[in-house]
Amino acid sequence: MTHDELQNDLAKHLRVGTDRMVWTNMQLGPSGSPRPDVFTVNRSLAGFRTDCYEIKVSLAGLRRDVTSGEWQSYLRFGHAVWFAFPRGMAPLDLVPKECGVILRGDGWRAARKPVAQVLETLPRDAWLKLLMEGVRDEAEPKPRHMSYWEAQELARKKWG
């Protein structure tokens with residue numbers, strides 16, 4: 001799968017059967033602000049949580065991001081940072097221990113949970129950007145059909 005295909009597939013996975021609002025490829029503020037591939041905010045007044053997902057399609061791309069420390073810029077906006085890539089593309093120990101890993105095989109599966117940080121709210125510019133630009137993404141029709149894996153995942157989350 002290409003980067004954009006993985007990004008859209010992960011966004012779809014995160015929308016189905018969850019309480020998350022999901023944005024893709026959106027800069028979180030003015031020019032120069034971080035632009036995670038997928039960004040989520042829980043629909044909850046009591047359980048505010050944001051997650052930043054970075055899609056990788058090559059081992060070289062993963063190494064470049066880890067070495068540069070680019071992922072750390074997301075910590076201003078997210079409780080947690082996740083790296084998302086195809087299963088078998090890279091060893092998990094290449095990803096910083098603070099970050100989660102979600103792998104794409106037959107479906108998406110969390111391979112390692114991230115270390116969540118405390119984040120009371122987002123910067124004002126990020127909220128404005130989400131409201132102005134994000135409405136379009138949220139207005140897209142939700143998928144009516146689920147894959148077998150998605151249906152199982154939804155049932156597992158709901159009934160254990």
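Start by selecting F48: this residue is partly exposed, with a relative accessible area of 22%. Partly exposed lies between buried (under 20% relative accessible area) and exposed (over 50%), using a 1.4 Å probe and protein chains only. The model is predicted: local features need pLDDT of at least 70, side-chain atom pairs count only at pLDDT 80 or more, and totals for chains, interfaces and linings use all residues. Residues are numbered from 1 along each chain as its sequence is written, and side-chain values use heavy atoms, without hydrogens and water.

Next, the aromatic pairs. The structure has three. Rings of Phe, Tyr and Trp (its six-membered ring) pair if their centres lie within 6.5 Å; planes under 30 degrees apart are stacked, over 60 edge-to-face, the rest tilted.

Select W23 and F39. Their pair is tilted, 6.3 Å centre to centre, with 45 degrees between the planes. W23 sits in strand β1 (residues 20-24) and F39 in strand β2 (residues 38-42), 16 residues apart. Strands are DSSP runs of E, at least two residues; helices are runs of H or I, at least four; both are numbered from the N terminus. W23 and F39 are both buried.

F48 is in the loop between β2 and β3 (50-55) and W127 in helix α3 (residues 124-139), so the pair ties together parts 79 residues apart in sequence. W127 is partly exposed, at 30% relative accessible area.

Last, select helix α4 (residues 148-159). This helix gives the most to the lining of the largest cavity: five residues.
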